[in-house]
Amino acid sequence: MALASSVKVVLGSIAFAIFWVLAVFPAVPFLPVGRTAGSLLGGMLMVIFQVITADQAYAAIDLQILGLLFGTMVVSVYLERADMFKYLGKLLLWKSRGAKDLICRVCLISAISSAFFTNDTSCVVLTEFVLKIARQHNLPPHPFLLALASSANIGSAATPIGNPQNLVIAVQSKISFGNFLIGILPAMIMGVIVNALLLLCMYWKLLSIEKEWNSRLEVMAVQSSPGMSVPMGHVENLRNRSIPSENEIQGVPSGTLESARNSNSSKEAANDVSSQVKEETIPSKRVALLDRLRDVLSVLSSEGKDDLTTRWKKIVWKSGVYLVTIGMLIALLLGLNMSWTAITAALALVVLDFRDARPSLEKVSYSLLVFFCGMFITVEGFNKTGIPSTLWDFMEPYSKIDHVSGIAILAVVILVMSNLASNVPTVLLLGARVAASATAVSAADEKKAWLILAWVSTVAGNLSLLGSAANLIVCEQARRAPQLGYTLSFWSHLKFGVPSTLIVTAIGLTLIR
């Protein structure tokens with residue numbers, strides 16, 4: 001495609017630049033409106049600048065991707081309500097054998113949950129739990145937070161529903177769920193293993209810290225604190241106290257003693273009368289007490305029955321949620337339409353819940369759906385300028401996937417663009433061009449090109465803290481965690497992210513089929 005007129009190229013580039021700045025840096029001082037508003041602004045400017053028409057803007061919005069994204073988010077909401085992620089979290093501690101075993105479990109569970117329930121959802125739910133485990137075991141949090149975020153990105157590459165860019169690739173390439181999974185699964189498994197080994201190598205000393213430090217400090221505190229003793233002043237006062245002697249008693253006037261004796265005898269008589277009255281009233285009190293006890297027991301038994309009924313209803317409902325989710329995954333594996341399958345599963349869960357769905361639907365990230373709408377329009381407008389096609393025409397001869405050097409150059413291009421322009425816009429810009437270039441070789445190479453794009457654009461998110469939404473979610477969730485707050489810095493992430501991304505990407509490329 002040739003370049004458009006110079007006016008369209010300049011105006012389209014300005015609109016895309018505004019979108020890019022607000023997508024990558026959503027809180028820039030001169031326009032802190034966020035990613036969602038930034039994408040809408042970019043799309044609106046494309047229409048206002050007449051880079052594309054309004055009809056072309058509407059046509060650019062891919063409803064299949066939006067439907068699939070909405071359906072998977074609703075299913076994830078109900079799975080969270082059904083304690084799916086709570087049970088995954090408990091697996092982290094089940095027969096754990098120390099810090100190194102724990103970090104391997106974080107990598108595994110994060111990867112598996114992200115492959116089927118999206119990486120963003122897994123990071124939202126598991127971050128605070130992982131942070132709490134690290135704090136309880138007196139371990140440094142950042143290796144575990146890095147394990148969660150990086151493994152979530154790697155694991156999400158295995159399925160079309162693992163992350164947004166895979167949704168785009170699955171819809172545009174028409175690769176079935178099963179073929180997508182088979183094509184990337186070996187790379188994902190090896191990537192998770194290599195990522196865990198890198199974490200162990202880089203943080204071996206930190207993970208070797210003894211977790212008994214807190215208990216040792218408590219023992220030292222107890223040993224150093226003096227034993228409890230009665231103050232000496234109280235002992236002296238007790239010692240100085242004595243029983244009155246007979247002489248002291250004899251010194252009291254006889255009239256006073258006699259009146260005291262009379263008063264004592266009258267008190268004894270009164271006590272005898274009151275004891276007789278009490279003995280007469282004891283049977284009636286016992287009857288009243290027994291009646292009240294029966295009432296309490298009847299209330300407790302009815303409450304126990306209600307609790308048992310509620311518990312069974314909850315168990316049946318949870319089982320229904322899990323069965324619907326399994327049915328959705330089976331339907332996806334059978335090759336049914338992914339968008340309608342996800343929406344059908346979401347509606348089945350709404351009906352199964354048998355209550356007002358508003359609280360659950362309010363948890364769906366509608367801002368993400370709106371962001372996608374604006375991004376579709378913005379990227380379509382930027383494509384109309386001809387700039388992406390011109391750049392690809394320059395790179396295409398060196399990026400053929402029929403030889404190793406071509407795959408390496410293509411991977412570097414995807415890696416750089418994914419971190420500069422974010423992974424979803426990169427897929428939208430490069431997807432059709434990479435596939436068309438591979439189709440010239442063979443149909444099998446076209447599928448491989450799409451899978452390479454999915455793998456590299458996803459793993460590229462591990463390069464820096466800004467490379468993936470999952471990274472930012474982990475960072476923000478950890479910082480805001482009540483009483484457990486921890487800040488994962490940009491440089492601490494980059495120190496691990498660069499070697500992990502390069503090594504995992506390279507190993508995975510050799511396993512994609």
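**Cavities, pocket, packing**

I began with the second largest cavity, where H4 gives the largest share of the lining, four residues. The model is predicted, so I read every entry below as computed from that prediction.

I then listed the residues around the second largest cavity. They are Thr72, Val75, Ser76, Leu79, Phe116, Phe117, Ile161, Thr325 and Met328. Helix H4 (63-81), helix H6 (99-117) and helix H15 (254-333) each give two or more residues to this lining. I sorted the lining by class and got six nonpolar, three polar and no charged residues. The space inside is about 40 Å³. I counted three cavities of 30 Å³ or more.

Next I turned to the largest pocket. It holds about 1200 Å³ of space. I found 48 lining residues, with Asp120, Ser365, Leu368, Ala469 and Ile473 closest to the centre. Helix H23 (residues 469-480) gives the most to this lining, seven residues. By class, I noted 21 nonpolar, 21 polar and six charged residues in the pocket lining.

Helix H19 (residues 387-395) packs on helix H21 (residues 423-439) at about 40 degrees, with the axes 11 Å apart. That angle makes H19 oblique to H21. I logged the crossing of H19 and H21 as right-handed. On the H19 side, Pro388, Ser389 and Trp392 make the contact. On the H21 side, I listed Leu429, Leu430, Arg433, Val434 and Ser437. By class, the contact of H19 with H21 has five nonpolar, two polar and one charged residues.

Terms used. Residues are numbered from 1 along each chain as its sequence is written. This is a predicted model: local features need pLDDT of at least 70, side-chain atom pairs count only at pLDDT 80 or more; totals for chains, interfaces and linings use all residues. Side-chain values use heavy atoms; hydrogens and water are left out. Axes are lines fitted to C-alpha atoms, for helices over the stretch in contact, and angles run from 0 to 180 degrees between N-to-C directions. Angles under 35 degrees count as roughly parallel, over 145 as roughly antiparallel, 65 to 115 as roughly perpendicular and the rest as oblique. A crossing is left-handed if the near helix is turned anticlockwise from the far one by less than a right angle, and right-handed if clockwise. Contact means heavy atoms within 4.5 Å. Ala, Val, Leu, Ile, Met, Phe, Trp, Tyr, Cys and Pro count as nonpolar, Asp, Glu, Lys and Arg as charged, and the others, Gly among them, as polar. On a 1 Å grid over the protein atoms alone, a cavity is a set of points where a 1.4 Å probe fits but cannot get out, and a pocket is an open set with protein on both sides within 12 Å along at least five of seven lines; lining residues have an atom within 4 Å of a point. Grid points are joined across faces, edges and corners, and a volume is the space filled by probe spheres set on the points.
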